[in-house]
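Please open the model in your viewer and keep the selection panel at hand. The stops below are meant to be visited in order.

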Amino acid sequence: MYTVTSEIYQETNFKTVKDKDGKITSKFEFTYPEVPKDKDGDLEVKRKGDDAPSHGIIELQHSDATEIKLVGLQVWRGALLLADYIFHKRKEFKNKQLLELAAGVGLTSVAAALYVKKVVCTDVDIGGILDLIRNNVKLNSQLCDTCKINVMEYDFMQEIQAYSPDLLKAIDESDIVFAADTIYDDDLTNAFIRVIDIILQRGEISGRKKEIFVALEKRYVFTFSEMDAVAPMFEYFLKQTMHKPWKFEYVETNFPQYFKYERCKHLILLKITKQ
């Protein structure tokens with residue numbers, strides 16, 4: 001069986017441990033952009049002799065290698081970029097409701113729960129991924145108010161007629177939508193484009209307009225036909241959305257980095273809204 005592995009595991013020491021059952025747990029360290037508050041909203045006051053509470057850890061169970069259809073069980077660079085962006089925009093996002101698509105193991109959603117009003121964390125229910133997300137939310141209950149996080153299924157391949165009432169409600173009530181590293185297969189990309197259409201249309205109908213942020217790492221390959229290095233998956237996405245009534249904005253990725261990882265130059269953050 002062909003498997004793939006996220007590059008970040010080789011680049012950064014996430015203090016990964018494997019238990020006797022083979023479960024892998026890693027610690028994703030970050031620096032708070034400001035003095036953190038406890039779950040009641042009170043400042044965590046430094047006690048005499050204590051170190052200032054300037055750092056935190058999101059602890060996650062995940063896989064270190066999977067087949068393509070289960071890559072959501074790993075942690076990818078785009079999720080960390082989105083977590084950084086939430087920290088950077090924490091004041092702007094404070095009273096927002098966030099919907100995360102293809103959330104993987106839930107890193108971005110847990111990070112978001114530190115600052116936003118409410119989080120709906122979604123993915124397709126294969127490989128036990130929803131149970132894994134729920135477990136990861138529990139693992140971080142001392143870090144943030146995990147009651148803010150609601151985990152549910154969102155299968156990109158479903159037609160809207162099959163959407164659950166809870167999912168439609170989550171879409172309608174969301175203000176910002178995040179997705180990381182969802183563009184790596186043509187069929188999935190086509191389905192993701194349909195999902196963006198649905199979310200933007202629901203925003204128009206409800207009067208609660210959406211801002212969709214898509215983070216991805218452009219993956220280059222050399223082709224003899226082009227005699228150049230190209231990023232075929234990203235270029236396919238751009239081609240398929242060329243005539244959509246969407247507004248694309250490339251967000252500069254030079255905002256502060258709070259999480260510990262390698263932020264490579266091929267990372268892209270797109271903001272998509274309805275024209």
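The tour goes from a sheet to one of its strands and then to a single residue.

This is a predicted model, in which local features need pLDDT of at least 70, side-chain atom pairs count only at pLDDT 80 or more, and totals for chains, interfaces and linings use all residues. Residues are numbered from 1 along each chain as its sequence is written, and side-chain values use heavy atoms, with hydrogens and water left out.

**The sheet**

Begin with the open sheet of seven strands, whose order is β6-β5-β4-β7-β8-β12-β11 and whose pairing is mixed. Strands here are DSSP runs of E of at least two residues, helices are runs of H or I of at least four, and both are numbered from the N terminus. Two strands pair if DSSP finds at least two bridges between them. Select 149-153 (β6) and 246-250 (β11): these strands stand at the edges with a single partner strand each, so one side of each lacks a neighbour in the sheet. From one strand to the next, the twist averages 20°.

Next, select residues 176-180 (β7) and 211-217 (β8), which run parallel and are joined by five bridges. Ala 180 has Ala 215 in β8 as its bridge partner. Contact means heavy atoms within 4.5 Å.

**Strand β4**

Move to residues 97-101. Five of the five residues of β4 are buried, so this strand is largely enclosed by the rest of the structure. Buried means under 20% relative accessible area, exposed over 50%, and partly exposed in between (1.4 Å probe, protein chains only). In a regular strand, side chains alternate between the two faces of the sheet. On β4, Gln 97, Leu 99 and Leu 101 lie on one side, with Leu 98 and Glu 100 on the other.

Show β5 (residues 118-123) as well: β4 pairs with β5 in the parallel sense over four bridges. β4 also pairs with β7, again parallel and over four bridges, and Leu 99 stands opposite Val 177 there.

**Gln 97**

Finally, select Gln 97 in strand β4. Is this residue buried or exposed? Gln 97 is buried, with a relative accessible area of 13%. Gln 97 stands opposite Lys 118 in β5. Leaving aside neighbours within four places in sequence, Gln 97 contacts Lys 118, Glu 173, Ser 174, Asp 175, Ile 176 and Arg 208.

Conventions. Axes are lines fitted to C-alpha atoms, for helices over the stretch in contact, and angles run from 0 to 180 degrees between N-to-C directions.
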